[in-house]
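Biologist: I am new to this one. Could you show it to me and walk me through how to read it?

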Amino acid sequence: MAIREGRWDCPQCGNQGNRGSELKCPACGRVRAEEVQFYAAEDAAEVTDEAALARAKAGADWICEFCGATTPADQKRCRGCSADRTEKRRAVKELLDRPEAPAPAPKKKSKAGLVLAGIGLLAIAGGLLLCRAKEASMTLAGVSWERTVEVEKYTTVVEEHWRDRLPEGARILSTERKLERTDKVQTGTRPVTKTVEEKVQTGTKKVKVGKKDLGNGYFEDLFKEEPVYETRQRTVTEDEPVYRDDPVYADWCRYEIDKWVKDRVEKASGADKSPDWPAVAATDKQRPGKKVETYRALFKDADGEEHEWTPKLDEWQRLEVGRKYNVVTRLGSVQGLAAAE
Ligand SMILES: [Zn+2]
Ligand SMILES: [Zn+2]
């Protein structure tokens, strides 16, 4: 509860460092008023004089509603105009030495990052330049097509699996007892001792955190009780589970089963404009599976260089061999035909 005397500056004559116990300016005689701000002198000694301590603890000065002068709490008449005491008081304020730490500033982008970003943009721009579509007049030199059909056959195949996962219709040929998996089974526990570190509060210490403006020319030191910790080691014994590996055996089966499997691929192709599917008859032993169709167009540019295009069927069907087209290429491969033709 250390009390220290504050200071104030006179707003009328500018005299600085008037003592907190002075109720009017020693330089110009002006009565201390509401606008005066008290401040703590860092080197101020602790007040020990009984009368001064009593004044410091009497409470904040009251403020005259008529003339604004401030008067000690225990005096009933205004030191400025002799008016009767009223309710308005100077504020009592707590002033902390270390206000809350400000939030960390947002991370700035590093220079290296900006340079990398720049290089990235250049690379993209260069790539776009290289990849830019080009348009050229070319002659359609020829067309071709290719159609394939996978043929599946119904046949007997031999496969292997665990007995409880066999497909329907499987006919077992032979079985063998095999290790399927290992199960972990807890058989008990065993005590394990380890050292743990823990923070233990061993007491508290008084820390000066700031001061309180008592509103009467005096300041009081502010303290806070802070916990004091110590790191202690402690051994603890815990039960850890103990496991046993249990092998699990099961029947591994070789079996035969009738099913559709891929047999071969039938292919039809031509250099005309009449594509057809290869004939695959559907019987109980054979059926057509996945189908793939490819259509090609071969263009020749002004230099006689060839460019191949694989369009969709409807685009391909509209092409006429011998005609000139505006062909769009990118990185040497044909993208399509220019819209306006
Ligand atoms: Zn003054
Ligand atoms: Zn007054």
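**Reading the hairpin, the sheet and the zinc site**

Modeller: Start at the hairpin of β8 and β9: four residues lie between the strands, and Gly-215 there takes a positive phi near 75 degrees. This is a predicted model, where local features need pLDDT of at least 70, side-chain atom pairs count only at pLDDT 80 or more, and totals for chains, interfaces and linings use all residues. Residues are numbered from 1 along each chain as its sequence is written, chains are lettered from A and ligands numbered from 1 in the order in which they are written, and side-chain values use heavy atoms, with hydrogens and water left out.

Biologist: What lies 2.9 Å from the backbone nitrogen of Gly-215?

Modeller: A polar atom of the Asp-213 side chain. A polar contact is a pair of N or O atoms within 3.5 Å; within protein, one must be able to donate a hydrogen and the other to accept it, and residues adjacent in sequence count only if both atoms are side-chain atoms. Asp-213 itself lies in strand β8.

Biologist: Is Asp-213 buried or exposed?

Modeller: Buried means under 20% relative accessible area, exposed over 50%, partly exposed in between (1.4 Å probe, protein chains only). Asp-213 is buried, yet has no salt bridge. That term needs a side-chain nitrogen of Lys or Arg within 4 Å of a carboxyl oxygen of Asp or Glu. Lys-93, the nearest side chain of opposite charge, is 4.3 Å away.

Biologist: How many bridges join β8 and β9?

Modeller: Strands are DSSP runs (E, at least two residues), numbered from the N terminus. Two strands pair if DSSP finds at least two bridges between them. Strand β8 (residues 171–213) and β9 pair in the antiparallel sense over 38 bridges. Gln-201 has Tyr-229 in β9 as its bridge partner. Strand β7 (residues 134–162) also pairs with β9 in the antiparallel sense, over 18 bridges. β1 and strand β9 (residues 218–270) form an antiparallel pair over three bridges.

Biologist: Which residues coordinate the zinc ion?

Modeller: Donors are N, O and S atoms within 2.8 Å of the metal (3.2 Å for Na, K and Ca); water is not among the atoms, so sites may look incomplete. The zinc ion (ligand 1) is coordinated by the SG atoms of Cys-10, Cys-13, Cys-25 and Cys-28, at 2.2 to 2.4 Å. Their spacing in sequence is C-x2-C-x11-C-x2-C.

Biologist: Why is the arrangement tetrahedral?

Modeller: Four donors count as tetrahedral if all angles lie between 85 and 135 degrees. Here the donor atoms subtend angles of 103 to 117 degrees, which makes the arrangement tetrahedral.

Definitions and conventions:
Tetrahedral: all angles 85-135°; square planar, octahedral: opposite > 155°, others 65-115°. Lys, Arg positive; Asp, Glu negative; His and termini not counted.
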